[in-house]
Amino acid sequence: MSFDLAKLEADATAEVQEIKDLESLEALRVKYLGRRGIISEAISGLSQLSAEERPRQGAQLNNLKNTLNDLIQKKTEELKNTLVTGTAKDLFDITMPGVSQDLGNIHPITLVIDEICSIFVSMGFHIVEGPEIETEFNNFSALNIPLEHPSRDVFDTFYINSPAVDGQKLLLRSHTSPVQIRAMKIRKPPLAIIVPGKVFRPDAVDASHSFMFHQIEGFLVDKEVRFSDLKGLLYLFAQQVFSATKIGGGQDIKMRFRPHFFPFTEPSAEVDICCIICKGEGCSVCGRKGWLEILGAGMIHPNVFKAVGYDPKKFTGLAFGMGIERIAMLKYGINDIRLFFENDLRFLKQF
Ligand code: DAH
C-alpha cells in the first residue's frame with residue numbers, strides 16, 4: 001500500500017487556502033492530523049510495506065505531517081489577525097458599540113436605612129429585625145397601649161383574617177416598636193438595638209402618606225440611662241445624617257425636643273431639627289415654622305419593662321422611632337412619598 005503523498009499535500013494545501021473561519025480550520029486539522037485522520041491512517045498502513053520501503057515512506061509521511069501542521073498554524077494566525085482587524089466581511093466589526101450591561105443601583109430607602117444603621121452601629125448598637133406580621137399584644141398591649149385606649153387609633157393597622165395565635169389576633173405591625181418587646185424578652189440589659197423595617201397603616205395614599213412605609217426604631221436599656229443620653233445620642237445622629245447632605249451643607253444642625261405623648265415612653269418628645277432648607281427662616285418645606293419634625297422619642301415606660309419582665313426600679317431606657325421616607329425626603333429634597341414606590345427608573349437612577 002502506498003500513498004500519493006504529493007497529491008495529499010496539494011489537496012490539503014488547497015483546502016487550507018479555502019478556509020474562512022477557525023471552526024472549519026479545526027475540522028480540517030482533525031481530517032488530516034486527527035487520531036483517525038488521513039495521516040494517522042497512512043502511518044498505521046506502513047506496517048504492510050516492505051522493510052526497505054517502510055522507512056522511506058515513514059520519513060516522507062512525517063515530513064508531510066510537519067508541513068501540514070505548519071500550514072494550519074499559519075492559517076490560524078492569519079484568521080485571528082483578520083478577526084482583530086475586522087477586514088473579513090463575515091466577521092464582526094470591532095468598531096461597533098458593545099452590548100453594555102446595565103448595572104442596577106441601590107434604592108434610596110435602602111441607602112438611607114444603611115446610612116442610619118451604620119451611624120448607630122458605630123455607636124455600639126446592634127441591628128435586629130422583627131416580623132411584619134405581629135401579635136396584637138406586641139404591637140399594642142405590651143407597649144402600654146391598652147385595648148380601649150384612644151392612642152390605638154394613631155397606631156391603627158390592618159388586621160389579618162386568620163384564627164388567633166395563643167389567644168392573640170394577628171395584624172400587620174403599624175410601627176417597629178413591637179421589636180422592643182421581642183428583643184427585650186430574649187435579652188438582658190445592657191442592650192442597644194436598632195430595628196429597621198416595613199410598617200403598615202390604613203392611610204389614604206397622597207404626597208406624604210402611604211399605607212406601607214419604613215421606620216427605624218432604636219432603644220437602649222441599662223442602669224441609669226438618662227434623658228440627657230437620649231439628647232446627646234440624637235444630636236450626634238442628626239449631625240451625621242443631615243450635615244453631610246448637599247442640602248445640609250456641613251451646617252451645625254440645631255435640634256429641639258417638644259413635649260409629646262407616646263404611651264410607651266414617659267417623658268416623651270417629638271424631635272425637630274432646624275429647617276435645613278431655609279435655616280429656620282420659614283419656607284414651604286417646613287410650613288413656615290422653621291423646624292422639621294424628624295422623630296419621636298422618650299424614656300421607656302415602666303409598664304413596657306414590666307411586660308418583658310425587666311425590673312423598672314433597676315433599669316431605665318431610652319427609645320426613639322423615625323420614618324425613613326421622611327428622612328430620605330428631607331435629605332434628598334423629594335416632595336412626594338409615592339416616588340419611592342412607583343419604580344420609575346428616571347427617579348431611581350438618580351441615587
Ligand atoms: N412608634 C412611634 C410611631 O410609629 C415612633 C416612636 C416614638 C418610637 C417614640 C419610639 C418612641 O420608640 O420612643 O410613631
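## The end of helix H10

Helix H10 is followed by Gly 333. The phi of Gly 333 is positive, near 70°. The model is predicted, and every value here is computed from it.

## Helix H10 and its cover

Helix H10 spans residues 324-332. How much of H10 is covered? It is mostly covered, with seven of its nine residues buried. The buried ones are Ile 324, Glu 325, Ile 327, Ala 328, Met 329, Leu 330 and Lys 331.

What covers the buried residues of H10? The cover includes three strands, E5 (212-222), E8 (291-300) and E9 (316-323). It also includes two helices, H5 (108-122) and H8 (227-243).

## The nonpolar cores

The largest nonpolar core has 48 residues. Ile 116, Phe 242 and Phe 320 have the most contacts inside it. Take Phe 320 as an example. Leaving aside neighbours within four places in sequence, Phe 320 is in contact with Phe 120, Ile 194, Ile 216, Glu 217, Gly 218 and Phe 219, among others.

## Arg 256

Arg 256 lies in strand E6, which covers residues 255-262. Is Arg 256 buried, partly exposed or exposed? Its relative accessibility is 29%, so it counts as partly exposed. Buried would mean under 20%, and exposed over 50%.

Not counting residues up to four places away in sequence, Arg 256 touches Glu 270, Val 271, Asp 272 and Trp 291.

## The whole protein

The protein has 11 helices and nine strands. Its radius of gyration is 38 Å, whereas a compact globule of 351 residues would have one near 20 Å. Along the principal axes, the C-alpha atoms fill a box of roughly 115 × 50 × 40 Å.

Of the 351 residues, 42% count as buried. Among contacts between residues at least 6 apart in sequence, 65% join residues at least 24 apart. The accessible surface comes to about 19,500 Å², and 54% of it belongs to carbon and sulfur atoms. The protein carries 40 positive and 44 negative charges, and their mean positions are 5 Å apart.

How values were computed
Residues numbered from 1 in each chain as written. Predicted model: local features only at pLDDT ≥ 70, side-chain atom pairs only at ≥ 80, totals over all residues. Heavy atoms only, no water. Helix = DSSP H or I, 4+ residues; strand = E, 2+ residues; numbered from the N terminus. Rg over C-alpha atoms; globule rule 2.2 N^0.38 Å. Buried < 20%, exposed > 50% of the residue type's maximum accessible area, 1.4 Å probe, protein only. Contact = heavy atoms within 4.5 Å. Areas by Shrake-Rupley, 256 points an atom, 1.4 Å probe, with all protein chains shown as cover. Lys, Arg positive; Asp, Glu negative; His and termini not counted. Charge placed at Lys NZ, Arg CZ, Asp CG, Glu CD. Core = buried A, V, L, I, M, F, W, Y, C linked by side-chain atoms within 4.5 Å.
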